[in-house]
Amino acid sequence: MFKRISLLNNRGFLQKKDNFNRVFLFSPLLIIPLFLVIISGLLIKSIQGDLLVSNYLGHILTGFLGYFLAFFISYIPMERIRKYVVPFYLCTLISLLLIYFFGISVSGAQRWLSLGIFSFQPSEVAKLSTVLTLALVLQKKIILTIRDLVLPLLVVVIPWLLIFFQPDLGTSLVLIVLTGVMLYWSQMPIEWILILVFCIITSILYLVLPTFLIFWIPVIGYLAYRSSKKKIIFSALAISFHLFVAKFTPIFWQYGLKEYQKDRLVLFLDPNRDPLGGGYHLIQSQIAIGSGGLFGTGLLQGKLTNLQFIPEQHTDFIFSALGEELGFVGCALVLFLFFFLIKKLINTATIARTNFESLIVVGIASTFLFQIIINLFMTIGLGPVTGIPLPFMSYGRTSLVTNFISIGFVLSILKRSRSLRS
């Protein structure tokens, strides 16, 4: 692999004065994800049991492939990658569109494309391509007017629509969150972000307590009034937008969501309403985590995990297996590693050489952090089942490789920021 890096360097693809050594193989940005992959691989073995049908070996091998792929990518300067961002984004959109014609349907969702010997999930790649393209758009743009928002939102809306109607509610939520964080990082007024985020509250109030909108809508108008030079006009636009959201909410609920998605969004509040149906995953997950106690039952020793009480536990509910077999101590260790990883990403964003690079790291960090929080909340019953995987731990080859590629970009940015300072 190191000879291949030298060959590419001679061809001019890599930075010519790239004198970085192999110590970055042991960077926390690479070691922490690899450790999480190995731990989750053992948990997957415990869940699936029989070596002949288990995915644990494939998960670990994919993790090591991603590890070396990230290290290789770290030698490629982001200036070289910049010119491929738009073609990469367009290819992602084409792959998302092809799903509707040639996609593979699993559990009622059409999200995978088959390429013969393997299949991949374009929506996972879309997270990274959206981050890169949005960073390219925002690198020289400070969001001060509504007109400034048109192109960034267009970049996000197109893949969001293609993903949402697969249907894939979880990934569409990830795109919304990373967009909000990147817009904030590009100095968009915080009030504007709150106006967009508060659409969720407006929708919930309209469905549950519509009379409270009398007090809530003026709050939106006040936020808009204090955040723009054209105070009256912007307040009127914000209020009109939220009233439109309120009126559109029942239509979206009725026709935009599948029945199982509605059940997931409602049943987390009281999973015992349907203990053998939509609430089954949540109940069994809570039981598994609670049974682990302080130190857990031991790796490969979880009774609920071994007996597969939670369907598809190796994907979205891998954290429940961790809670049962490694207990509170194991969960705390994994969460600390995630926290340390996110902290390293944010630190890298603050020292990046350019706005483009800083926005990329922030987008990647927000993607990881949101997925970690939502997956954890989902597993312990504090949030609905949205199908959002736990980074580096949930089984899924497309997701795992894409996450390591993202880490490779961050390492490239970190290396060159350090080189500049030295």
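Q: How many salt bridges does the structure hold?
A: The predicted model holds 4 salt bridges.

Q: Which residue does Arg 353 meet in a salt bridge at 2.4 Å?
A: The partner is Glu 79, and the 2.4 Å is taken from N to O between the two side chains.

Q: Where do Arg 353 and Glu 79 sit in the chain?
A: Arg 353 is in the loop between helix 16 (318-351) and helix 17 (355-380), while Glu 79 belongs to helix 4 (residues 78-82).

Q: What is the relative accessible area of Arg 353, and what is that of Glu 79?
A: Arg 353 has 30% and is partly exposed. Glu 79 has 39% and is likewise classed as partly exposed.

Q: Which residues are linked with Arg 353 in a network of salt bridges?
A: Glu 79 and Glu 357 are linked with Arg 353 in that network. The side chains of Glu 357 and Arg 353 meet at 3.0 Å, N to O.

Q: Is Glu 357 buried or exposed?
A: Glu 357 counts as buried because its relative accessibility is 2%, and the cut-off for buried is under 20%.

Q: Turning to Lys 127, which residue does it form a salt bridge with?
A: Lys 127 pairs with Glu 124, and their closest N and O atoms are 3.0 Å apart.

Q: Where do Lys 127 and Glu 124 lie?
A: Both are in helix 6 (residues 122-138), 3 residues apart, or about one turn of the helix.

Q: And is Lys 127 buried or exposed?
A: Lys 127 counts as buried, at 5% relative accessibility. Glu 124 is buried too, with a relative accessible area of 5%.

Q: Changing topic, which residues make the nonpolar surface patch?
A: The patch, of about 960 Å², is made by Ile 94, Leu 97, Leu 98, Tyr 100, Phe 101, Phe 102, Leu 153, Val 157, Leu 161 and Phe 165. Helix 5 (85-102) and helix 7 (146-164) are the elements that give two or more residues to the patch.

Q: Which element gives the most to the patch?
A: Helix 5 does, with 6 residues.

Q: Where is Phe 102, and is it buried or exposed?
A: Phe 102 is in helix 5. With a relative accessible area of 59%, Phe 102 is exposed, because the cut-off for exposed is over 50%.

Note on methods:
Residues numbered from 1 in each chain as written. Predicted model: local features only at pLDDT ≥ 70, side-chain atom pairs only at ≥ 80, totals over all residues. Heavy atoms only, no water. Patch = residues over 30% accessible without salt bridge, like charges linked within 9 Å, V, L, I, M, F, W, Y side chains within 5 Å. Areas by Shrake-Rupley, 256 points an atom, 1.4 Å probe, with all protein chains shown as cover. Helix = DSSP H or I, 4+ residues; strand = E, 2+ residues; numbered from the N terminus. Buried < 20%, exposed > 50% of the residue type's maximum accessible area, 1.4 Å probe, protein only.
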